[in-house]
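Hello,

Here is the structure we talked about handing over. Please open it alongside this message; my notes follow below.

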Amino acid sequence: MVDPLAAEARRPRTVELLPAGKIRRRPGVGKDRLAALLRDVPPPGWTKRPNAKDELRARAVELCGTGSALRRTPKRR
């Protein structure tokens with residue numbers, strides 16, 4: 001059986017590129033219910049949080065490849 005609410009919940013996600021939080025604010029859609037409806041719909045690209053250390057890691061890998069040693073700081077206790 002096709003859920004009539006499924007198309008109504010998927011349209012804002014795929015057409016308007018809204019995150020789940022904004023879709024959930026609409027009446028009649030709870031958090032768990034919305035998660036079930038959007039299970040196979042990927043989130044919009046802009047909602048993904050970039051990893052803040054990607055550039056630093058890329059630079060470290062580059063330095064290791066050239067034979068440079070990285071100074072390791074001792075762990076604090």
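**What turned up**

Among the contacts between residues at least 6 apart in sequence, 55% join residues at least 24 apart. Please keep in mind that this is a predicted model.

Overall make-up first. The chain has four helices and zero strands. Read from the N terminus, the order of elements is α-α-α-α. Of the 77 residues in the chain, 18% are buried.

Next, confidence. The average pLDDT over the chain is 77, and 78% of the residues score at least 70. Helix 1 has the lowest confidence, with a mean of 80, while helix 3 has the highest, at 85. Where pLDDT is low, the predicted coordinates should not be read in detail.

Now the core. The largest nonpolar core holds 10 residues: Leu5, Ala6, Ala9, Leu18, Ile23, Val29, Leu34, Leu37, Leu38 and Val41. Helix 1 contributes the most, with three residues. As a rule, nonpolar side chains in soluble globular proteins tend to be buried together.

One residue deserves a look of its own. Arginine 13 sits in helix 1, which covers residues 4-14. What is the nearest side chain of opposite charge to arginine 13, and how far away is it? It is aspartate 40, at 9.7 Å. Arginine 13 is buried, yet it has no salt bridge. A salt bridge would need a side-chain nitrogen within 4 Å of a carboxyl oxygen. Leaving aside residues up to four places away in sequence, arginine 13 touches Leu18, Pro19, Ala20, Ile23, Leu38, Val41, Pro42, Pro43 and Pro44.

Then alanine 35, which lies in helix 3 (residues 31-37). Is alanine 35 partly exposed or buried? Its relative accessibility is 46%, so alanine 35 counts as partly exposed. The C-alpha atoms of alanine 35 and alanine 9 are 9.9 Å apart, although 26 residues separate the two along the chain.

Last, helix 4. This helix has 12 residues, 54-65. At 1.5 Å a residue, helix 4 should span 16 Å; its end C-alpha atoms are 17 Å apart, which agrees. After helix 4 comes glycine 67, with a positive phi near 90 degrees.

Best wishes

Terms used
Residues are numbered from 1 along each chain as its sequence is written. Side-chain values use heavy atoms; hydrogens and water are left out. Helices (H or I, at least four residues) and strands (E, at least two) are DSSP runs, numbered from the N terminus. Buried means under 20% relative accessible area, exposed over 50%, partly exposed in between (1.4 Å probe, protein chains only). Lys and Arg count as positive and Asp and Glu as negative; His and the chain ends are not counted. Contact means heavy atoms within 4.5 Å. The expected span of a helix is 1.5 Å times one less than its number of residues. A nonpolar core is a set of buried Ala, Val, Leu, Ile, Met, Phe, Trp, Tyr and Cys residues joined through side-chain atoms within 4.5 Å. pLDDT is the predictor's confidence in each residue, from 0 to 100.
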